[in-house]
Amino acid sequence: MKKIIFFLLFSVLLLGQKIETIDLSKSIKDSKNSIKSLTVIDQRANQEIGMVMHHKDEVKIVFENNASKDIQDWFYKYNPVRGHNDMVFLLENLNISEDKKEKYSIGKLELRASIFIKKEDGYHFVDRKDTTATVSSRTTPYLGQSLARKVTLILTDLFKESYKETPWEFPVSENELPSYASILKEKLSILKADQLKDGVYKDYYSFFTHSPEPGFTLQSTDKGIVTKAVKGQEKTGIRHFYAFVDKGIAYKNIPFGYTEIFKDENGIFIEVTKTELFPETVTSSVSIGAAAGGLVGGVIGAVIDISGSNKKKNTLWAKVYLDPFTGNYLLPEDFGKMK
């Protein structure tokens, strides 16, 4: 009798729980056929991803087999032709949770994963995704399905972007992989420099390694606003660079123009408002994405120096740190509520 009751209770539990499998079916083909092998390292302490509710049912989000096997099989499916590089995929965090409100719920995805190229001297960092995404039940009742799709999209972007990136010159050992971020940060010259080198920096890596483009000088207006970088007969708008240093002061390009870059014990940051990073007049999702990603050239019109005294009078600005591993903005949690 006890066995029958237990079986019935177990059956009820199964009926109350559903499974949403992460569908790794989008193409992640490397058009350059540069990768010889892929090794997946899942360093998560908890292999469970998480669950959300759908009506009265629990929906558990899972990989079909496990993260290591599924990601590896996914890569080889779309990359049958082998190259010469050994790629390592490091899954650092993957968690899905639900915040239940009075009349709706917010599903939350936290994902951090990095890619390295393995060489004779160690593992060389290439790229990473360190992101948080949310979905509201007010816009979709299928939180589990939507969040599972976001996992696929984020990992797809990571693979595709990594094919284009040049590996960092600094290696870490296999034992150092779990703490690679703190180790590599110690090697970034910009964080240790007492004096900054004047010039233009084409991307986040050249900026954080303190390597300005050789031969360029800065051109300014009569009012001292930097507008161009000049190298012989070549003149390039300042907005086409990630950052620049003028008279020892660093500046970051943003949609409104540029703003001063500061440094503290936590890293490199700018002081901006939400409107300065995401202008209300901008309606293009592509332009907004460019601003969110910390990129340049997205929606910049006239160059404006917004790092002057008017900044000190503005109480709405926030510290927005620059991620040394992607160049993207690390927005504070309450940034979306600012004006």
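The structure described here is a predicted model. Pro332 belongs to the segment that follows strand S18 (329-330). When residues up to four places away in sequence are left out, Pro332 touches Ala318, Lys319 and Val320. The C-alpha atoms of Pro332 and Val320 lie 6.8 Å apart, with a separation of 12 residues in sequence.

The protein as a whole contains eight helices and 18 strands. Of its 339 residues, 43% are buried. Contacts between residues at least 6 apart in sequence were also considered, and 64% of these join residues at least 24 apart.

Helix H2 covers residues 67-78. At 1.5 Å a residue, its 12 residues should span 16 Å, and the C-alpha atoms at its ends are 17 Å apart, which agrees with that expectation. The buried residues of H2 are Ala67, Asp70, Ile71, Trp74, Phe75 and Tyr78. Viewed down the helix axis, these buried residues fall within an arc of 130 degrees, so they line one face of H2. The elements that cover them include strand S2 (35-42), strand S5 (85-100) and helix H3 (143-162). At the start of H2, the backbone nitrogen of Ser68 has a side-chain oxygen of Asn66 within 3.2 Å.

Further contacts between parts of the chain that are separated in sequence were examined at individual residues. Glu165 is placed in the loop between H3 and strand S8 (171-172). With a relative accessibility of 35%, Glu165 counts as partly exposed. Beyond the residues up to four places away in sequence, Glu165 touches Val126 and Asp127. Asp127 is 38 residues from Glu165 in sequence, and the two C-alpha atoms are 7.2 Å apart in space.

Thr132 is located in strand S7, which comprises residues 122-136. The relative accessible area of Thr132 is 48%, so this residue is partly exposed. Its contacts, not counting residues up to four places away in sequence, are with Lys108, Leu109 and Glu110. Between Thr132 and Leu94 there are 9.9 Å from C-alpha to C-alpha, and these two residues are 38 residues apart in sequence.

Apart from neighbours within four places in sequence, Leu218 is in contact with Val200, Val226, Lys228, Ile238, Phe244, Val245 and Asp246. The C-alpha atom of Leu218 is separated by 8.5 Å from that of Asp198, which is 20 residues away along the chain.

Backbone angles were considered next. Most residues other than glycine have a negative phi. Asn33, which is not a glycine, has a positive phi of about 50 degrees. This residue is found in the loop between strand S1 (17-21) and S2. Asn33 counts as partly exposed, at 27% relative accessibility. His210 is likewise not a glycine, and has a positive phi of about 60 degrees.

At least two lining residues come from each of strand S7, strand S15 (257-264), strand S16 (267-272) and strand S17 (318-322). Strand S7, one of the contributors to this lining, is also the strand in which Thr132 lies.

Methods:
Residues numbered from 1 in each chain as written. Predicted model: local features only at pLDDT ≥ 70, side-chain atom pairs only at ≥ 80, totals over all residues. Heavy atoms only, no water. Helix = DSSP H or I, 4+ residues; strand = E, 2+ residues; numbered from the N terminus. Expected span 1.5 Å × (residues − 1). Buried < 20%, exposed > 50% of the residue type's maximum accessible area, 1.4 Å probe, protein only. Arc of directions from axis to C-beta. Contact = heavy atoms within 4.5 Å. Polar contact = N/O pair within 3.5 Å; in protein donor to acceptor, adjacent residues only side chain to side chain.
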